[in-house]
Amino acid sequence: MVSRPYDGPPRLAVVIDDMGQLDPLDRRVVALPGVVTCSILPYAPHADTIARLAHDSGKPVFAHMPMEAVSGSTKTGPGTLYHTMDRQTLIQAVDAALDRVPGVEGVNNHMGSLLTADLDAMQVVMEALARRRVGFLDSRTTAQTVAQAQAQSHGIPNTKRDVFLDNEPDEIAIAIALRHAVDLARKRGYAVAIGHPHVETVAVLERLLPEIKAEGVSLVSATDVMSR
């Protein structure tokens, strides 16, 4: 849902998260043609460097905020927000994570199937994000998420993930998922697709993004398809 009528070309926001390793794949993501949002794990070893590199290359920069998963997985990594944190600790954790990503203009959740379904925790997180004036993209790692609704209630620009590009790490499957996102953008006016810096994902984007742009689809930042 967009906040006002839009009669321009279909808009596609491609977000690549789990970035910050500064390996060749991260660099290839930054070098992708057109607007691709780079979402960086705040506590990744090279978060600061890759954020600056992306910003200097004209790529929108997001913080890929680690949030507690139902599975209790350790893959959420350092800086994870937990539902057991008290209000002040949550706010401090959000601020500390954002401070580690220069040029950050938005946030999407890393994992978070437990935390994004916790109303009390999401109210505190969105309060912190509102104060920092950054947008929120709900990765929708659970159907029970209340994150986007809380972003709306706090007046935060927000949107949600429509398509995961690489649930199946195969170039053909990734290309099909990307085309599905394009079709959705043509029908609705915009779509948000999230992928990861995998060899297969980057290769498909390098090959297809120029074609998609030539077909009249605008590649935009995730913040460009957010509503309040």
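Helices (H or I, at least four residues) and strands (E, at least two) are DSSP runs that are numbered from the N terminus. The model shown in these views is predicted, so local features need pLDDT of at least 70 and side-chain atom pairs count only at pLDDT 80 or more, while totals for chains, interfaces and linings use all residues. Residues are numbered from 1 along each chain as its sequence is written, and side-chain values use heavy atoms, with hydrogens and water left out.

View 1. Helix H4 (residues 119-132) has 14 residues and reaches 20 Å from its first C-alpha to its last, close to the 20 Å expected at 1.5 Å a residue, where the expected span is 1.5 Å times one less than the number of residues. At the start of H4, a side-chain oxygen of Asp118 comes to within 3.2 Å of the backbone nitrogen of Asp120, and just after the helix Arg133 takes a positive phi of about 55 degrees.

**View 2. The salt bridge between Glu127 and Arg87.** The side chains of Glu127 and Arg87 meet in a salt bridge (2.5 Å, N to O), a term for a side-chain nitrogen of Lys or Arg within 4 Å of a carboxyl oxygen of Asp or Glu. Glu127 lies in helix H4 and Arg87 in helix H3, so the pair ties together parts that are 40 residues apart in sequence. Glu127 counts as partly exposed because its relative accessibility is 29%, and Arg87 is also partly exposed, with a relative accessible area of 46%.

**View 3. Arg11 in strand S1.** Arg11 has its place in strand S1 (residues 11-19). Arg11 is buried yet has no salt bridge, and the nearest side chain of opposite charge, Asp224, is 6.5 Å away. The side chain of Arg11 does, however, reach the backbone oxygen of Asp224 at 3.0 Å.

**View 4. Thr37 in strand S2.** Thr37 lies in strand S2 (residues 37-40) and counts as buried because its relative accessibility is 0%. Not counting residues up to four places away in sequence, Thr37 touches several residues, including Val15, Phe62 and Ala222, where a contact means heavy atoms within 4.5 Å.

Key: Buried < 20%, exposed > 50% of the residue type's maximum accessible area, 1.4 Å probe, protein only. Polar contact = N/O pair within 3.5 Å; in protein donor to acceptor, adjacent residues only side chain to side chain. Lys, Arg positive; Asp, Glu negative; His and termini not counted.
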